[in-house]
Amino acid sequence: MPSNAHSLLSYNTFGLKQEADEVVILQHREQLAELIRYRGPRLVVGGGSNLLFTATFKGQVVVNRLTGIEVTETNDAWRLKVEGGENWHRLVCYCLERGMPGLENLALIPGTAGAAPIQNIGAYGVELSRFCEQVESMDWHSGETRLWSADECAFGYRDSVFKHAARHHLILSITLRLPKVWRPVLGYGPLAALGEDATARRVFELVCATRRAKLPDPAELGNAGSFFKNPKVSQAQADALQLAWPELPLYPAEDGLVKLAAGWLIDQAGLKGTRVGGAAVHQQQALVLVNRGGATAEDVLRLAALVRERVSDRFGVMLEPEVRMIGPQGETHLDEALSWLN
Ligand code: EPU
């Protein structure tokens, strides 16, 4: 172990014992001038709740801890400028406590405000894109700051420009617009039961209870939320699958495609509880891979490969990771990370 290695244990909710050459905690914007002088591989992390460090990171990890929330009000909306290092769930609570509803379906999502636009966080029928008006970022190659409109962010399902052309940008702040006319979003299963009695507080409480029942708390059982994306298939493929498995949950997606529930596919492939070393498929939610204690990145990668293979064999559907894989130099993908193991 090189003497300057820094542990990443506190910066990944999977609880993997990986290291980086350097870790910088960004607490003040004044530090940015110094940061842009660094020329090696770089990774910015928020809560580390959607990452899998597959190896030692041979570069600088910047932990975004910029804080601050500025609220302005117009006749019809509240506008919040939130610094990138603010904890997401605390922001949801902050809004509710001050009578600014809207974010309640997104309660308890681990991570930070600055990470939220990268994968366009979403849960229970709501995605960040519904409220995100602007993103402020710094290009760490040029040092320039830039404002991105919602359109420019190119939000999609667990996707945005910050995973593609703007992946070398550090998100400084996000601006959310919460309309004063509140409309509950109750389309997702258990929330529908609230009906006419829905208040933002009730939605918040039910979302928290639902998440706590299904999704493991990273403080107790290491994990990074849904490990795979819900795959999109053609209508013809969805029809054929539904003929063979009538209970298969299907959701309409954009471009005439159909989204399948990856958790259902993994569950039906009989994989709940399957283990590789210290990694396992979660018993309550098959879409979540967990660290049962002492898991290595290799355990998680081999388990992910096994899950992907079994689902493909059974249903002919190829799962794609939702968790971002980080290699020694930066972002990688499952196949590349697996190839390094052999
Ligand atoms: N299902 C099973 N067995 C399982 C898991 C799920 O049969 O082990 C079935 C469920 O009964 C349900 C369907 O699959 O009919 C979907 O499951 P669930 O409602 O739990 O949601 P999901 O599709 O597995 C997605 C998001 C979650 C988000 C929930 C609620 C993705 C990749 N995941 O999960 O987001 O909280 O919907 O909106 O889109 C995350 O991104 O990390 C995350 C947790």
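From which domains does the lining of the second largest pocket draw at least three residues each? Domain 2 (69-179) and domain 3 (222-339) each supply at least three residues to that lining. The structure is a predicted model, in which local features need pLDDT of at least 70, side-chain atom pairs count only at pLDDT 80 or more, and totals for chains, interfaces and linings use all residues. Residues are numbered from 1 along each chain as its sequence is written, and side-chain values use heavy atoms, with hydrogens and water left out.

The chain is divided into domain 1 (6-64), domain 2 (69-179) and domain 3 (222-339). These bounds come from an automatic or database domain assignment. The centres of domain 1 and domain 2, taken over C-alpha atoms, are separated by 20 Å. Across this pair, 14 residues of domain 1 are in contact with 17 residues of domain 2, where contact means heavy atoms within 4.5 Å.

The second largest pocket holds about 340 Å³ of space. A pocket is defined on a 1 Å grid over the protein atoms alone, as an open set of points where a 1.4 Å probe fits, with protein on both sides within 12 Å along at least five of seven lines. Lining residues have an atom within 4 Å of a point. Grid points are joined across faces, edges and corners, and the volume is the space filled by probe spheres set on the points. The lining of the second largest pocket comprises 18 residues; Glu-320, Pro-321, Glu-331, Thr-332 and His-333 lie nearest its centre. Two or more lining residues come from each of β20 (324-326), β21 (331-332) and α8 (334-339). Helices (H or I, at least four residues) and strands (E, at least two) are DSSP runs, numbered from the N terminus. By class, the lining has five nonpolar, three polar and 10 charged residues. Ala, Val, Leu, Ile, Met, Phe, Trp, Tyr, Cys and Pro count as nonpolar, Asp, Glu, Lys and Arg as charged, and the others, Gly among them, as polar.

Thr-13 sits in the loop between β1 (6-7) and β2 (19-26). Its relative accessible area is 16%, so Thr-13 is buried (under 20%; exposed is over 50%, partly exposed in between; 1.4 Å probe, protein chains only). The Thr-13 side chain reaches the backbone oxygen of Asn-223 at 2.6 Å. Beyond four places in sequence, Thr-13 touches residues including Gly-47, Pro-218 and Asn-223.

Ala-77 belongs to strand β7 (residues 77-83). Ala-77 is buried, with a relative accessible area of 1%. Its C-alpha atom is separated by 9.9 Å from that of Leu-176, 99 residues apart along the chain.

Note on methods
Polar contact = N/O pair within 3.5 Å; in protein donor to acceptor, adjacent residues only side chain to side chain.
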